Amino acid sequence: MAYENAETDLDTVTDWVNDWDWLDPQWGPNAIDIWNQVRAETDMASTERYGRAFMPVTMDAVQSVAHDTEHFSSIWVGVARPDAVRIPAPPITSDPPDHQGHRRLLLPSFSPKVINLMEKDLREYCRSLIADLDGPDGPAERADAAGQYAQHIPVHGIAQLLGVPESDADMFRDWIFRNFQLAPKDNDVRVKLFEEMGEYFGRLMARRLEEPAEDMVTLVANAEIDGEPVSQELKLGYLRLLILAGIDTTWSAIGSGLWHFGQHADQRAALVAANDDDLLWNTASEEVLRYYAPVTMARKIVADTEVAGCPVHAGDQMLLTFPAANHDPEAFEAADEFRIDRAKNRHVAFGLGIHRCLGSNLARLELVVALQEWLRAFPDYELDPHAETTWANGQIRGPRNIPVLLNR
Ligand code: HEM
């Protein structure tokens with residue numbers, strides 16, 4: 001499926017400090033430069049495009065918002081029009097005290113013990129995608145490392161875990177596009193999408209109640225918290241979240257890694273020479289997550305307070321710009337250098353505080369395995385100098401097509 005950012009009907013941004021817009025076409029390819037420019041002027045940018053919404057760009061400011069559930073609610077986790085329909089998708093959209101019960105329910109399915117068992121299958125799957133690049137005319141010379149590789153891997157992972165058919169992958173990616181690109185500005189799109197997703201998961205849960213399986217759809221279909229059954233609305237919310245959170249997040253991280261290493265022959269060579277369990281793979285993949293962190297969240301401000309010296313008011317929106325914090329020179333030595341052996345790397349790509357990513361073990365495994373298998377097959381690949389990479393804007397930022405020469 002070819003990927004394009006949604007058309008925006010808003011004016012092109014010329015002032016990122018007072019008029020930012022994460023759906024502006026400049027955001028996808030240039031977000032890191034944008035945050036750095038804003039940080040040179042202020043700790044916090046603002047916009048009136050979606051009602052009033054703020055964008056902090058320092059680690060301090062992002063941390064203070066993420067840890068403050070009294071003034072900042074997760075009831076809104078994406079900046080959108082103020083009249084946007086907001087549909088619960090716990091635990092990400094829940095606040096204390098409810099949040100803990102939802103999180104506890106899902107947590108065991110993402111433990112290292114469960115996730116590590118997926119490694120062998122993920123490696124085989126990556127190798128099969130690589131084999132599929134070749135056609136009847138012989139070995140491929142070029143490929144789209146996002147469209148033919150990165151985008152499929154997290155779908156495979158989440159399909160195993162949830163128990164959804166992989167053959168529905170195109171539909172999942174269409175849901176993701178509509179949710180992150182179209183719905184922030186169009187309530188009808190959101191309502192229709194959530195109905196479709198609800199019908200799909202409703203049918204699937206009904207089937208699992210009749211024929212249980214070892215998967216998360218079965219777990220959610222039978223969900224109870226403190227001995228009380230969870231409502232159908234919240235069960236659908238869990239499943240919607242897992243599909244929306246589990247796919248293009250990791251697809252973006254894998255794609256960013258492939259895009260980056262396709263331009264750095266020295267770093268590629270160092271990784272090719274390292275064993276799979278070498279520490280370098282760990283530091284290099286964490287650096288991909290720091291440098292190209294794909295996920296920006298948001299909060300609704302529910303009580304007046306101050307962030308980075310800036311007064312903010314109940315009813316306004318606040319981005320949780322984790323990727324911008326990862327480039328704060330106050331928090332990282334040489335923040336703008338990509339160092340594959342960065343030893344001290346307390347990045348916040350997976351968030352902070354009570355909502356820290358539940359899927360981080362799975363995401364890390366998919367990222368490392370995908371990069372290792374790709375580099376094993378194509379140690380000398382490089383970006384095609386005559387073709388362009390496109391980047392998704394908004395909440396989940398990452399390359400959506402990566403034309404490469406395989407050079408084998
Ligand atoms: C590189 C890939 C990923 C990144 C960068 C990422 C990032 C994040 C971030 C920043 C949050 C915090 C949200 C907030 O504070 O509002 C989060 C939460 C979450 N993520 Fe991920 N994520 C990734 C992959 C995954 C995967 C593969 C799954 C599996 C389904 C997943 C499931 C979740 C869930 C369920 C939450 C909500 C946790 C809670 O509210 O307690 N994520 N993720």
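Where is Pro-91 found? Keep that in mind for point 1; please also remember throughout that this is a predicted model.

1. **Cis peptide bonds.** Pro-91 sits in the loop between β3 and α3 (98–106). The bond that joins Pro-90 to Pro-91 is cis, and its omega is about 5°. Pro-97 also has its place in the loop between β3 and α3, and here the peptide bond from Pro-96 to Pro-97 is cis, with omega near 5°. As background for both, most residues other than glycine have a negative phi, and most peptide bonds are trans.

2. Asp-226 belongs to the loop between β5 (224–225) and β6 (228–229).

3. **The ligand shell.** How many residues surround the ligand? There are 28, and the closest are Gly-246, Gly-351, His-355, Cys-357 and Gly-359. Two or more residues of the shell come from each of α11 (232–246), α12 (248–261) and α16 (360–377). Of the elements, α11 gives the largest share, four residues. By class, the residues around the ligand divide into 20 nonpolar, seven polar and one charged.

4. **The α8 and α9 pair.** Helix α8 (residues 169–182) and helix α9 (residues 187–210) have axes that come within 10 Å and cross at roughly 150°. Angles over 145 degrees count as roughly antiparallel, so α8 is roughly antiparallel to α9. The crossing of α8 past α9 is left-handed. On the α8 side, the contact involves Trp-175, Arg-178, Asn-179 and Leu-182, which meet Val-189, Leu-193 and Met-197 of α9. Sorted by class, this contact of α8 with α9 has five nonpolar residues, one polar and one charged.

5. **The five-stranded sheet.** What is the order of the five strands in this open sheet? Reading across, the order is β1-β2-β10-β7-β3, and the pairing is mixed. The edge strands, each pairing on one side only, are β1 (44–47) and β3 (72–73). Four bridges link β1 to strand β2 (residues 53–56) in the antiparallel sense, with Met-44 opposite Pro-56 in β2. Helix α2 (residues 59–66) lies across β1, β2, β3, β7 (297–301) and β10 (317–320), and runs at about 115° to β10.

6. **The three-stranded sheet.** A further open sheet has three strands in the order β4-β14-β11, with antiparallel pairing. Its edge strands are β4 (142–144) and β11 (382–383), each of which pairs on one side only. β4 and strand β14 (residues 403–405) are joined in the antiparallel sense over three bridges. If you want a residue pair to check by eye, the bridge partner of Arg-142 is Leu-405 in β14.

7. **The hairpin.** Which strands form a hairpin with five residues between them? They are β12 and β13, and Gly-394 in the turn has a positive phi of about 85°. Strand β12 (residues 390–392) pairs with strand β13 (residues 398–401) in the antiparallel sense over three bridges. Trp-391 stands opposite Pro-399 in β13.

Terms used. Residues are numbered from 1 along each chain as its sequence is written. This is a predicted model: local features need pLDDT of at least 70, side-chain atom pairs count only at pLDDT 80 or more; totals for chains, interfaces and linings use all residues. Axes are lines fitted to C-alpha atoms, for helices over the stretch in contact, and angles run from 0 to 180 degrees between N-to-C directions. Angles under 35 degrees count as roughly parallel, over 145 as roughly antiparallel, 65 to 115 as roughly perpendicular and the rest as oblique. A crossing is left-handed if the near helix is turned anticlockwise from the far one by less than a right angle, and right-handed if clockwise. Two residues are in contact if their C-beta atoms, placed from the backbone, lie within 7 Å. Ala, Val, Leu, Ile, Met, Phe, Trp, Tyr, Cys and Pro count as nonpolar, Asp, Glu, Lys and Arg as charged, and the others, Gly among them, as polar. A residue is near a molecule or strand if its C-beta atom, placed from the backbone, lies within 6 Å of it. Two strands pair if DSSP finds at least two bridges between them.
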